[in-house]
Amino acid sequence: MEQQNKAHRAVRKKSQKVATQNNGRNPKAFAVAAPRRLERQARRTHDVNEKRFHVPMVDRTPEEPPPVIVAVVGPPGTGKTTLIKSLVRRYTKHTLSDIRGPVTVVSGKRRRLTFIECGNDMNSMIDIGKIADLVLLMIDGNFGFEMETMEFLNILAPHGFPRILGIATHLDLFKSPASLRASKKRLKRRLWTEVYKGAKLFYLSGVMNGRYPDREILNLARFISVMRFRPLKWRNEHSYLLADRIVDITHPAEIERNSKIDRKITIYGYVHGTPLSALNARVHVPGIGDLTISDIERLPDPCPTPYQEKKDVEEGKIKRRKRLDDRLKVIYAPMSDVGGVLIDKDAVYIDIGHRSFVEGEEKGVGERLVVGLQNAKTTLGEGAAGIRLFSGAEALNEINPEDDEDDDIRKGNSGRKERRHGRAITDESYGGDSDVGNDAEGDDEDEDYDDADAEEAAYSKSMASRLVDNDEGGAEEFEFADSDSDLADYNDVDDSDVDSGDLRWKSNLADRALKDYKRRKWDIGRLLYLDHISPEDVIMRWKHEQLSSTVADGEEEDIEDDASDSENGDRDNGDDFFKKRENSSILPVDAEVIDRTIPVYDDEGLKDKWSGSSPAFAAVKGRFMTRQSDENDEINPSDFDGDGDELSGNFEDLETGQTITGSSTEGAKQDSVSGEKEAEEQKEMSYDKVREANARKKEKLRLRFEEEEEQEDDGLGDDDPEKKLYDTWHDAQKAKIAKQLEINKAEFDEMDSATRERVEGYRAGHYVRIVIDNIPCEFIETLDPKFPVIIGSLLASEDRLGFLQVRIKRHRWHKKILKSNDPLIFSLGWRRFQSIPIYTTSDSRTRNRMLKYTPEHLHCTGTFYGPLIAPNTGFCAVQSVANGAASGAFRIAATGIVLDVDQSVQIVKKLKLVGTPYKIFKNTAFIQGMFNSALEVAKFEGASIKTVSGIRGQIKRALSKPEGHYRATFEDKILMSDIVILRAWYPIQPRKLYNPVTSLLLNEKTEWQGMRLTGELRHEKNLPLPQLKDSEYTTIERSVRRFNPLRIPKTIRSELPFKSQIAMMNPQKKESYLQKRAVVLGGTEKKKRDMMQKVMTLRNEQVRKRQEKKQERKTAYQKKIAENEEKRKERERKDKREFFQRQGKKRSAGEPGGGGKRHRGDYE
């Protein structure tokens, strides 16, 4: 019985919805609920996307990037040195006791870090701010942000902000967790305000064993290892390097003669930025000046990454190490106390440490010998005692080589007499069946070493049997060739040649040289300009035909200067080998030829030689395109080299490889025939048809031109980003830059390394050795590794000086406003220099008006003399870089940006000329006191003038007498008391001062001083300020002016309305009643007045006494209050002093080091 299963439930079909209007869609269901909110959200999304965009920049980071420069910056006592020691310990397991100069470590497979500590002087902060890729900003968490930190941040702002990490230290000094949290929050908010919102801030607690805790350093190291860096504009256009080693290679003898001679030094470092030019690159070293690189060489990387080392092993550049000592290979710090041996082409440097050797306590013979050589006053051979090679031998003062040769001849020393264990040249060894090139026997790589020894012994035995007996005593010796080249090809040596003592290759030298000479291929362009060869010989040499008899006899004249010695010299005569070269026939003997690479030809002689109807002239004239060829000219293709492609028009497309054939003459004939046909057709056609035909031709040409324009792709082909569709212009530009980088990389990869370095330069990441001449000796004598040495390349335009127009603004934290013609120290580009700026403003874009002071809280235009830097380059300015001149105030005086570069600039200053009238007519007046001569008046004819009262006028003509007076007209009649003013503009020329800051040439590198103000010099020398009489303020006595009353004519007065009429009263001649009467007091009235006077006197006396007592009480009270206030302040000072003593208050910024009551070694 079959099992009956329940049937499945039937599938219900979805009911078709009734189609409504608008194709079955309900428009209300898809409407926006809040259109305004949606619009705001869309606008915000668009703004966020736009903020992400930056100006597309070319990323020139190579495959093996240079080390990332990590600058540790902070005030004294914040723990900069301790942080570097901790990070180096984390990366390399090394413990550095003294950090001097850059320290390079390997932090990952493809990343290296160069740590450098930044000092607190202005020069170091400016230099390091220009090259640092990452800044570790040290902040004392117990104190907060200090002046040095804010100054460094404002130095970075105009030069380009690198990545910044804030690091708060000394957090272990907080006792309360609440105060620690509040301090962290306050520091983070302040850091976000100064850098950018969201800047990372790390916290480091106390110090253990001279280092920060390992866990905190591990977190910081991991964050640094994965950071990404965006290229900055200035560094992406220039190459630079941070010197990690400097060596003086000046000859010691020159230093002995003159200790102040300019030195020749070598600087080592990694190239950053763009490729560094390999030929005479102009560079600037901040602190020294502009220099020229005399030599540059790439060296092996002293601190390679594991990726690069593995790649070099695979390519076979270096051998695979069987054993790797990580402690020696992952850190490179030549200036610090990392032991090791440094080897370069100049010398070998062995670091034996500072404590392993004490002068005067030498331990062995080697140390005594080295110390004796170092203490020698003279070089080898300069002493009076001569040279003593052995302890028992006599001293040698002079050696004459000629006497030695005569002694040898006199004593009969004509050569070696004993058997020499060497291989002789015989027929058995190199001739006949025993061919050297035969690899059938004896050249198997698997042959045992014993078999090779057996062959060597057999060979030596056979050579011994070939010795030649000497006639005198049977002594045996070999026949040797005159030189190494005489051995030549051993396969061509015959037995007879060996027995006779000569070699076969020396025979028939002239014949073989002539054969080679005939086979050489001559350059027709050079043969034409030789004036000592006939035209017939030129043609024969060019066509490789039989030369003249003089050539066959071996007496051919010299053709090329480079081959003259080898072709005409007598090789058998050794005395003629070194000969003074005769002057070439091409160059005149008496002429002073400066550049010998440019030949001087006799144009007239060559013209006469190659003019005429000679066969040689007819054969070569077709090689020159001087005119169009005629039909009568017969051109023979066989006269030219090659297969006749030049005449037939055949050429090969180098891209596709296709060969295109054609004939230039046939094409020209076809063009001429077609042109004649078109001319005949145009004659037959009507005027309208001709116009239509011309229009069709123009349309075809236009379409062809448009197609050619579309096909132009700037060498990018079908991958041109502009032909593709991108969402934004930003994406298209990035794609175009990436494509161009690929093209450049493919082009450079085809070159070998030497050619690429000559063409492109030394790329970023290469470790190079730079040689620079003419360095001041003070640089080497005062070299301090704690101050960075930077080499920055200069572009072609940056090596010239001129006037720069900048937009400048006084820093809001700087206390004083800036004054024109006061010197400022600018940090612009790589340079630090002092110049004298003039501040100006633009009056309606018509003139640059000089300002005496910079405006408050506004930008202005500045003009100063200095190196020409590209516009849109930022700079900062300070008044002094010396630490001794620091007053504790903010030192960054101004910041700005370069607007324009020009050799000359027009600046004007407002000038007011004042005059007074001495004769007045109706609207004309004669003015005096404004000019001194009629010539000055003539210069200002037609100028506008104005009186103080506001009446405008114009200068007309100069008067004949007196000198300097002129006639002027006004719009109204002026008064004799009016002052006439002429507003003029006086041109001002900025002063040309360019004073580079040469701080690296001083012993005290932080105390460089340039040009100072007159007030500073007076204050330093305690000189009084000179008082000028014209500058003194005097009492001005002004006479009271009495104006005449207003007089209105009677006719006008009578017509005025009653309200406006003026009441005119006649003067009163008689006295009035009040003036006439006299007041006489009676007896009672007089007594009352006397009584009141006495009462008021008593009252006033009582009030005076009451006020005096009140003032006494007030004085006593104020004295008591002042005493209490003084006691309170003294108590607060005492409490504050005790508090900071307990908490470990830092020392002042002027003192070196820091730490207060803390352990100095923990944070320095």
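Which residues of α5 are buried? Keep that in mind while I place the helix. This is a predicted model. Helix α5 covers residues 177-194, which makes 18 residues. From first C-alpha to last, α5 reaches 26 Å, close to the 26 Å expected at 1.5 Å a residue.

Now the answer. Ser183, Leu187, Leu191 and Glu194 are the buried residues of α5. They lie on the same side of α5, because they cover an arc of only 65° around the axis. What sits over them? The cover on the buried residues of α5 includes β4 (134-140), α4 (147-159), β5 (163-169) and β6 (201-203). Turn to the face pointing away from the buried side. There you find the exposed residues Pro177, Arg181, Lys185, Arg189 and Thr193.

Next, the sheet. Seven strands form an open sheet, with mixed pairing. The order reads β6-β5-β4-β1-β3-β2-β12. Take β2, residues 103-106: two bridges join β2 to β12, and the pair runs antiparallel. Within that pair, valine 105 stands opposite isoleucine 331 of β12. Helix α2 (residues 80-92) packs on this sheet. Helix α2 touches β1 (68-73), β2, β3 (112-117), β4, β5 and β12. The direction of α2 makes about 160° with that of β3.

On to two single residues. First up, arginine 832, in strand β23 (residues 831-835). Is arginine 832 buried or exposed? Arginine 832 counts as buried, because its relative accessibility is 4% and the cut-off for buried is under 20%. Its side chain makes a polar contact with the side chain of asparagine 123, at 2.8 Å. The arginine 832 side chain also makes a polar contact with the side chain of aspartate 127, at 2.9 Å. Beyond its neighbours within four places in sequence, arginine 832 is in contact with several residues, including Lys130, His284, Phe826 and Pro996.

Last, methionine 850, in strand β25 (residues 847-851). Methionine 850 is buried too, with a relative accessible area of 18%. Threonine 840 is ten residues away along the chain, yet the two C-alpha atoms are separated by 4.3 Å. Leaving out neighbours within four places in sequence, the contacts of methionine 850 include Ser820, Tyr839, Thr840, Val908 and Ile988.

That's my tour. Over to you.

Key
Residues numbered from 1 in each chain as written. Predicted model: local features only at pLDDT ≥ 70, side-chain atom pairs only at ≥ 80, totals over all residues. Heavy atoms only, no water. Helix = DSSP H or I, 4+ residues; strand = E, 2+ residues; numbered from the N terminus. Expected span 1.5 Å × (residues − 1). Buried < 20%, exposed > 50% of the residue type's maximum accessible area, 1.4 Å probe, protein only. Arc of directions from axis to C-beta. Contact = heavy atoms within 4.5 Å. Polar contact = N/O pair within 3.5 Å; in protein donor to acceptor, adjacent residues only side chain to side chain. Pairing = 2+ DSSP bridges. Axes fitted to C-alpha atoms, helices over the stretch in contact; angles between N-to-C directions.
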